[in-house]
Amino acid sequence: MAEDKVKILYFSWIRERVGLNDELVSMPDGVKTVAQLLVWLQGRNEQFAAAFEFPEIIRVALDQEHADHAQDLGKPSEIALFPPMTGG
Amino acid sequence: MATKPIVRVQCDDFDQAAEIRDLVASNHDIGAIATFIGLCRSEGESLSALELEHYPGMAESQMENCASAACERWPIDKMLVIHRYGVIQPGEQIVLVVAASRHRDAAFDGARYVMDFLKTDAPFWKKEHRSDGAAGQWVDARDSDETAKERWK
């Protein structure tokens, strides 16, 4: 069902490694937390395995708010995955 | 009520003199302005540019969070934060923070606080363009940027 899909955005070298700017994804059963999402993404294919090889360094935003890996995903409309920030 | 900061994310360069003039024009009780400007470095001429990527929407909201927190913590009358994106050459400006207050302490502290938090919280990433044409790397985050925030605890 389309309304169950969530938009996932990738930035910086994560975007380059997975080869996508963003995509619509149906969240699999059992993926309830940020940490579980990262494990699932890592197992999708070789490109995702390369992007998420070190999940502990990945930053995650749920509906544009920073989230901890232990946090429940809830029902966001947008999830962003990116490396530590280097602005300024 | 705390001052509401002005936050902009833009591709174009900025003119700090014009920005400061506009920011403080309506308030004649401002006695101190602290300005921070971040520039693109060449790293000993090894880089021809930095390419800045950002997360539109969240970049603005995180900059606003950092700037609003400063305005709540110190008596700041005007606050402006501008961050550029796109391809920026060595010597060009990347970021501007202007904090204006009656007295200097709030202006100095407010500007520094905004930069310390913007570095680790605002979703921007820098990719190097190398002068020798080799593939550029993404800039690594520095641990010192995380520890810089500790001074405000």
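The model is predicted: local features need pLDDT of at least 70, side-chain atom pairs count only at pLDDT 80 or more, and totals for chains, interfaces and linings use all residues. Residues are numbered from 1 along each chain as its sequence is written, and chains are lettered from A and ligands numbered from 1 in the order in which they are written.

Start with chain A. It has three helices and five strands. Helices (H or I, at least four residues) and strands (E, at least two) are DSSP runs, numbered from the N terminus. Read from that end, the elements of chain A follow the order β-α-β-α-α-β-β-β. The C-alpha trace of chain A spans about 35 × 30 × 20 Å along its principal axes. The radius of gyration of chain A is 12 Å, which agrees with the value near 12 Å for a compact globule of 88 residues. That radius is taken over C-alpha atoms, and the globule rule is 2.2 Å times the number of residues to the power 0.38.

How much of chain A is buried? Of its 88 residues, 30% count as such. A residue is buried if 20 or more other C-beta atoms lie within 10 Å of its own, exposed if 12 or fewer, and partly exposed in between, with C-beta atoms placed from the backbone. Among the contacts in chain A with a separation of 6 or more, 48% join residues 24 or more positions apart.

The five strands of chain A form an open sheet. Its order is S2-S1-S5-S3-S4, with mixed pairing. Two strands pair if DSSP finds at least two bridges between them. Strand S2 (22-26) and S4 of chain A stand at the edges with a single partner strand each, so one side of each is left without a neighbour in the sheet. From one strand to the next, the twist averages 30°. Axes here are lines fitted to C-alpha atoms, for helices over the stretch in contact, and angles run from 0 to 180 degrees between N-to-C directions. Strand S1 (residues 5-10) of chain A pairs with S2(A) in the antiparallel sense, over five bridges. Leu9(A) stands opposite Asp22(A) in S2(A).

Now turn to helix H2 (residues 34-42) of chain A. Val34(A), Leu37(A) and Leu41(A) are buried there. Seen down the axis of H2(A), the buried residues fall within an arc of 55°, so they line one face of the helix. The arc is that of the directions from the helix axis to the C-beta atoms. An α-helix has 3.6 residues a turn, so residues three or four places apart point the same way. What do the buried residues of H2(A) pack against? They meet helix H3 (46-51), strand S3 (59-62) and strand S4 (65-67) of chain A.

Ser12(A) has a positive phi of about 60° although it is not a glycine. Ser12(A) sits in helix H1 (residues 12-18) of chain A. It counts as buried, with 24 C-beta neighbours inside 10 Å. Asp63(A), also not a glycine, has a positive phi near 45°. Asp63(A) is found in the loop between S3 and S4 of chain A. It is partly exposed, with 15 other C-beta atoms within 10 Å.

Chain B has an open sheet of three strands. The order is S5-S3-S7, with antiparallel pairing. Strand S5 (86-88) and S7 of chain B stand at the edges, each with a single partner strand, so one side of each lacks a neighbour in the sheet. Neighbouring strands of this sheet are turned by 25° against each other on average, direction ignored. Strand S3 (residues 47-54) of chain B and S5(B) pair in the antiparallel sense over three bridges. Leu50(B) stands opposite Ile88(B) in S5(B).

Helix H2 of chain B holds Ser68(B). Ser68(B) is partly exposed, with 17 other C-beta atoms within 10 Å. Ser68(B) and Lys4(B) are 64 residues apart in sequence and 6.5 Å apart in space, C-alpha to C-alpha. Not counting residues up to four places away in sequence, Ser68(B) touches Ala2(B) and Pro5(B).

Finally, the chains meet. The contact takes 21 residues from chain B and 14 residues from chain A. On the side of chain B that touches chain A, helix H2 (58-73), helix H3 (104-121) and strand S7 (124-130) of chain B are the elements that give two or more residues. The largest share of that side, five residues, comes from H3(B). By class, the side has twelve nonpolar, five polar and four charged residues. Ala, Val, Leu, Ile, Met, Phe, Trp, Tyr, Cys and Pro count as nonpolar, Asp, Glu, Lys and Arg as charged, and the others, Gly among them, as polar.

Key: Two residues are in contact if their C-beta atoms, placed from the backbone, lie within 7 Å.
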